[in-house]
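Try each task before you read its solution.

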Amino acid sequence: EEVADDLTRDATRVVKKGLTQTLDKAKLQLKEVSLDENGMQAADERLPVLPVIKKDGHMQTQLTLYYPGFQGRKTVMMKVRRTLPESVDAMKALSLLQKGPTPKEKGLVNAFDASLQVKRLTMDGSIAEVYVSESVHRMSAPIRQDRLDQLCLTLLQFREIKGVRIIVDGRVVRQLGTGKDAIPVAQPVRHIDRPIEEYRSL
């Protein structure tokens, strides 16, 4: 009977040790996400960061943002280059994109505005997973398409990001909108197939 009790205790210790190791491993794999006062994901050192260069003794980051510009009734995606005196990770890039063109960047509009909430961004290998509000399905088809393209083009400039996956309410989005004007989305998005022009200030 004593031998049986010893075996039971040993088996219990082994099981507990195995469970503890499994939980510890799971904790390491979890990505804790903290939000700032605006409900946006705070800076995360595990997110991709654009290269920082040193010029004239100052640190600079070259960031490219994408905004539509009108040509007649159609919009053309414009590549807007900015130089910032700070480091820029993937979430910061989306935050800057959402703020829209500066007063000097005339002739541009922003489909990726505050009507869409970016809740968080995590990395699944080389795929950026962007969790957004269900308002991504709203507005007209051209605006939804511009919004998607702005988001993906901005993130794909990071060398660590090879694709973008859009997620709403825990589900991968397969289309934007509903009905006849729904836009199919092949996830993850690895490239944007549309003309892109270099922005030149007016």
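The exercises below go from the overall fold to the sheet, its helices and the cavity.

This is a predicted model, where local features need pLDDT of at least 70 and side-chain atom pairs count only at pLDDT 80 or more, while totals for chains, interfaces and linings use all residues. Residues are numbered from 1 along each chain as its sequence is written, and side-chain values use heavy atoms, with hydrogens and water left out.

**Exercise 1.** Work out how many helices and strands the chain has, and in what pattern they follow.

*Solution.* Start with the DSSP runs, numbered from the N terminus: helices are H or I with at least four residues, strands E with at least two. The chain has three helices and ten strands. Along the sequence, they come as α-β-β-β-α-β-β-α-β-β-β-β-β. Next, look at burial: 41% of the 202 residues are buried (under 20% relative accessible area, with a 1.4 Å probe and protein chains only).

**Exercise 2.** Find the order of the strands in the four-stranded open sheet, and its edges.

*Solution.* Take two strands as paired if DSSP finds at least two bridges between them. The order is then β1-β2-β3-β10, with mixed pairing. At the edges, β1 (52–55) and β10 (196–198) each pair on one side only. From one strand to the next, the twist averages 40°. Now zoom in on β2 (residues 58–71) and β3 (residues 74–84): they run antiparallel, joined by eleven bridges. Within this pair, Phe70 stands opposite Thr75 of β3.

**Exercise 3.** Describe the lining of the largest cavity: which residues form it, and of what class?

*Solution.* On a 1 Å grid over the protein atoms alone, a cavity is a set of points where a 1.4 Å probe fits but cannot get out, and lining residues have an atom within 4 Å of a point. One cavity of 30 Å³ or more is present; the largest has a volume of about 50 Å³, the space filled by probe spheres set on the points. Its lining consists of Leu116, Val132, Val136, Arg147, Leu148, Leu151, Ile166 and Leu176. Sorting by class gives seven nonpolar, no polar and one charged residues. Finally, α3 (residues 141–156) gives the most to this lining, with three residues.

Methods:
1 Å grid on protein atoms, 1.4 Å probe; cavity = no way out; pocket = protein on both sides within 12 Å on 5 of 7 lines; lining within 4 Å. Nonpolar A, V, L, I, M, F, W, Y, C, P; charged D, E, K, R; others polar. Axes fitted to C-alpha atoms, helices over the stretch in contact; angles between N-to-C directions. Buried < 20%, exposed > 50% of the residue type's maximum accessible area, 1.4 Å probe, protein only.
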